[in-house]
Amino acid sequence: MVTVVREAKGWSQTDLANAAGVTQGFVSKVENGLTELTAERLMAFAAALDCPAALLTNHDAQHGIEVSCMFHRRRHSKITVATAKKIEAVSHLTRITVDALLDGVDVGADTGLGRMDIDEFGGDAAHIAQLLRARWRIPSGPIDNLHAMLDAHGVVVVVRDLDSTAQDAFSTWPRERVPLIVVRAGLPADRERFTLSHELGHMLMHVIPNPEQEQQADLFAAELLMPADDIRPELDGLTTGDFHRLMELKAQWKVSIGALIQRAKTLELISDRQFREFRIKLSKLGWNTVEPIDLPPERSCLLDRVLDVHRTRDGFSDDELARIAYMTPEAFRRHYLHDTSRGAEKGTVRI
């Protein structure tokens, strides 16, 4: 746990040694299980790492890390080893926090999720997305509010800073625990929706990771958000002069223009040449990074309901909730309570 919390802060062993008043060699021995932290030094490490001592000594939390199967959604840009370690450590701590907060709380959601191993479906990610839409009784056409849909089926969504634009999200779904998606704060609504769908696909389909899993998760997300039978008539006859039409479809389907163009190519409604021309035009317009039309943001409310249960049923204060979450009160308020920078609408939760 010392290693996890240290890496979540982006610190080296030397950084921790300096902050805790010990040698780097002592930190190494602690992290390799060669010596124990007791009494004064335990408190010194907790103070240096800005976390409760209980987190560093929680063996249940460590077990939770070991059984987690984690998936990432990363952009094409490279990510450094240090940043990757930091993000994975943050994912472990988020998993610990969510599990602790949910312990003893019935969120009243009918998950209806159930794993669907991609290998058992012949690698057909689109078919799995179709089955999920049927299982969740999603009407044909666009999904109006993806966050609300995930809330209703017990998928926990956490929005937080990941300190890297190379990582959009990660997800974990250990056995006997709730599915959890952590998505990077600041994503446009269209990209956030596709990212959440991508991670949902991972958790459903990939019991064992495989080399094609990223493409499969993209195909799942595309079919979930833009079912082929529904979107094909809308994209039929698309030409590189139809950007006004694409902007209208973006507002209707709540996906990016880039995703619509990719969908048209996947469904063989445009040629490879047209696809290349579309990409060139997007680049010239500067829409590869920032597209026109800001879609209204969506908010997850599931964790808000959990906090409300703790406050009303159990009478817990925010400081007590912080202790449950294995966080200091300051960190809990900073990362976990409502993020006003994303709007005043109730439901934004950051850990």
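A residue counts as buried when its relative accessible area is under 20%, as exposed when that area is over 50%, and as partly exposed in between, using a 1.4 Å probe and protein chains only. By that rule, buried residues make up 52% of the 351 residues in the chain. This is a predicted model, so local features need pLDDT of at least 70 and side-chain atom pairs count only at pLDDT 80 or more, while totals for chains, interfaces and linings use all residues. Residues are numbered from 1 along each chain as its sequence is written, and side-chain values use heavy atoms, with hydrogens and water left out.

Start with the cartoon view. You'll find 18 helices and four strands; these are DSSP runs (H or I, at least four residues, for helices; E, at least two, for strands), numbered from the N terminus.

Next, select residues 189-205, which form helix α10.

Now for the largest nonpolar core, which has 55 residues. A nonpolar core is a set of buried Ala, Val, Leu, Ile, Met, Phe, Trp, Tyr and Cys residues joined through side-chain atoms within 4.5 Å. Helix α10 gives the most to this core, with six residues. Click on L132, L200, F220 and M226, the residues with the most contacts inside it. Another core, of 49 residues, lies apart from it, with A17 and L302 among them.

Leaving out residues up to four places away in sequence, L49 touches V2, V5, R6, K9, W11, L16 and L56, where contact means heavy atoms within 4.5 Å. Draw a C-alpha to C-alpha line from L49 to W11: they are 38 residues apart in sequence and 9.5 Å apart in space.

Last stop: select A8, L93, R160, A331 and H335. Among the 26 residues lining the second largest pocket, these lie nearest its centre. Helix α7 (81-102) gives the most to that lining, with six residues.

Note on methods:
On a 1 Å grid over the protein atoms alone, a cavity is a set of points where a 1.4 Å probe fits but cannot get out, and a pocket is an open set with protein on both sides within 12 Å along at least five of seven lines; lining residues have an atom within 4 Å of a point.
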